[in-house]
Amino acid sequence: MTVFLVGAGPGDPGLMTVRSRELIAEADVILYDRLIPPGALDGARSDAELVYVGKIGGGPQMPQEEIDRLLIQYGTGPRTVVRLKGGDPFVFGRGGEEAQVLRAAGIPFEIVPGITAGISAPAYAGIPVTHREHASGVAFVTGHEDGTLDWEALARFPGTLVFYMGVKALPRIASRLVAGGRSSDEPVAVIERGTLPGQKTVVSSLSRVVEDAAGIRAPAITLVGPVAGLREEIAWLEQRPLFGRTVAVTRARAQASALAERLRGLGAATVEAPAIRTQPLELTLPPLRDYDLLCVTSPAGADYLFTHLRDARELAGVTVAAIGPGTARALRAHGVDPDVVPERAVAEGLIEALAEFEFSRVLVARAREGRDVLPDALRARGVHVEVAALYETVAQPLSDEAREAAAAADYLLFTSGSSVRFFAEAGGSLSGPKLVSIGPATSDVLRELGAAPDLEADPHTPDGLIAALLADR
Ligand code: SAH
């Protein structure tokens, strides 16, 4: 079957192409390198065969002949193969060589370009590789091979030089270019882990860069040319409000990812450490048309509700209340625009908001372990209330890696009391990072466990959490 030679971009998962995501989702077999973005394979089918062909434990790279052999072996089989590489497959990625091997073996292939590190790492550092006034060309050069490079020609090249694989070769690059006639004052930028959390940039000159960039480790791009001087003016990454801060999110995976994505959008590095997950409960949902008010108290509750609902018309004429904006969003995703959404996203807020409504039979759709504040308050109004427990939240073990990463974070976010409990039970540490709680109920559980929240969100929503982080500077 067809082999797709696919570039996965430089590291930021948001820089993967739509086409690469589609192919990863469809592939039967994925042969992947070490330098692919974190989570790049998350969208792969659960029955896909994932074959690692990168460096073995930081040691030597799997020999190219072995990779070629695997490409032919899988490519002649009946399954769709994605060969996933960092950056662009044809820029120092041996994509050309692998395409030749496939052609010689009569195996059909397609090439999916990716965003190469030599452009994107500088872009994230605020350095344009070309510029009308400063560089009318750009050359991509391997820092790896010495013998085959014409250093004098490179030194004379009228534009930006971008070196890949050049960390060890930095002293040679600097001295040969100066020997070839480039000014020793020429600006140089070295960018480590470009587009990834922890990207590091050093701007220096040809004469000083070896000393200034001594702390830089691979993977890094070395860029030589006047455009490196523009970083001072154009740098943007470091100006985002949460840049340089690591935030650990402890909610269940599905919701954690959405929150983590928003945090990354503000420049934070994120760690996902969910010690909790939701699990559907078996139940027969009573006919919804028997009620005049339906209260949904969490986004997960909204999602599970619709797994039970056979016919949307059952909701016709039923007033629908959501506990907060997140739940309202989840309901809208299922085609139901709630009638009531309180300003304060807690049970007490919903009770207040419902005060002006008339109803006689209420169904509360929620987690089994939910608080009884809402049903009790409604019953106190003399209303008939039933509770449908759609799911439960259960503990999930934390990996050692997640536990350590959370402990090293600057902030630890809790969005429910149960996530605090499960996090602590899973061995998560409540000391070290600043503890950020979504609201009073969550803060109470923290105190119960001998920890004190450093920040409490207001409003008690993910927006409130983010606002609390932004205000803490
Ligand atoms: N095909 C890839 C390059 C592979 S060669 C591409 O198009 O980007 C590996 C080299 O790429 C590394 O030694 C380093 O110089 C560079 N590189 C890859 N990812 C990088 C990153 N995130 N930041 C800086 N340099 C990176």
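This is a predicted model: local features need pLDDT of at least 70, side-chain atom pairs count only at pLDDT 80 or more; totals for chains, interfaces and linings use all residues.
Visitor: Fine. How many helices and strands are there, and what makes a stretch count as one?

Guide: The protein has 17 helices and 20 strands. Both are DSSP runs numbered from the N terminus: helices are H or I with at least four residues, strands are E with at least two. As for overall dimensions, the C-alpha trace spans about 90 × 55 × 45 Å along its principal axes.

Visitor: What share of the protein counts as buried, and what does buried mean?

Guide: Of the 473 residues, 49% count as buried. Buried means under 20% relative accessible area, exposed means over 50%, and partly exposed is in between (1.4 Å probe, protein chains only).

Visitor: How do you know that the side chain of S419 has a polar contact with S416?

Guide: A polar atom of that side chain lies 2.8 Å from the backbone oxygen of S416. A polar contact is a pair of N or O atoms within 3.5 Å; within protein, one must be able to donate a hydrogen and the other to accept it, and residues adjacent in sequence count only if both atoms are side-chain atoms.

Visitor: And V385, why does that one get the label buried?

Guide: The relative accessible area of V385 is 8%, so V385 is buried too. V385 sits in strand 17, residues 384-395. From V385 to V364 it is 21 residues in sequence and 7.4 Å in space, C-alpha to C-alpha.

Visitor: Which label does M165 get, and why?

Guide: M165 is partly exposed, because its relative accessible area is 42%. M165 is in the loop between strand 7 (160-164) and helix 6 (170-179). Its phi is near 50°, a positive value in a residue other than glycine.

Visitor: What about F92, and where does it lie?

Guide: F92 is partly exposed as well, because its relative accessible area is 38%. F92 lies in the loop between strand 4 and helix 3 (95-104), and its phi is near 45°, again positive in a residue other than glycine.

Visitor: On to the ligand. How many residues surround it, and what makes a residue count as near?

Guide: There are 16 residues around the ligand, the closest being V91, T116, M165, G194 and A220. A residue is near if one of its heavy atoms lies within 4 Å.

Visitor: Why is the ligand said to lie between two domains?

Guide: Domain 1 (3-114) and domain 2 (119-237) both give residues to the shell, so the ligand lies between them.

Visitor: Last one. What makes strand 1 mostly covered, and which strands pair with it?

Guide: In strand 1 (residues 3-7), 5 of its 5 residues are buried. V3, L5 and G7 are on one side, F4 and V6 on the other. Two strands pair if DSSP finds at least two bridges between them. Strand 1 has 4 bridges with strand 5 (residues 109-112), in the parallel sense, and 5 bridges with strand 4 (residues 81-85), also parallel. V3 has F109 as its bridge partner in strand 5, while V6 stands opposite L84 in strand 4.

Conventions:
Residues are numbered from 1 along each chain as its sequence is written. Side-chain values use heavy atoms; hydrogens and water are left out. Domain bounds come from an automatic or database domain assignment.
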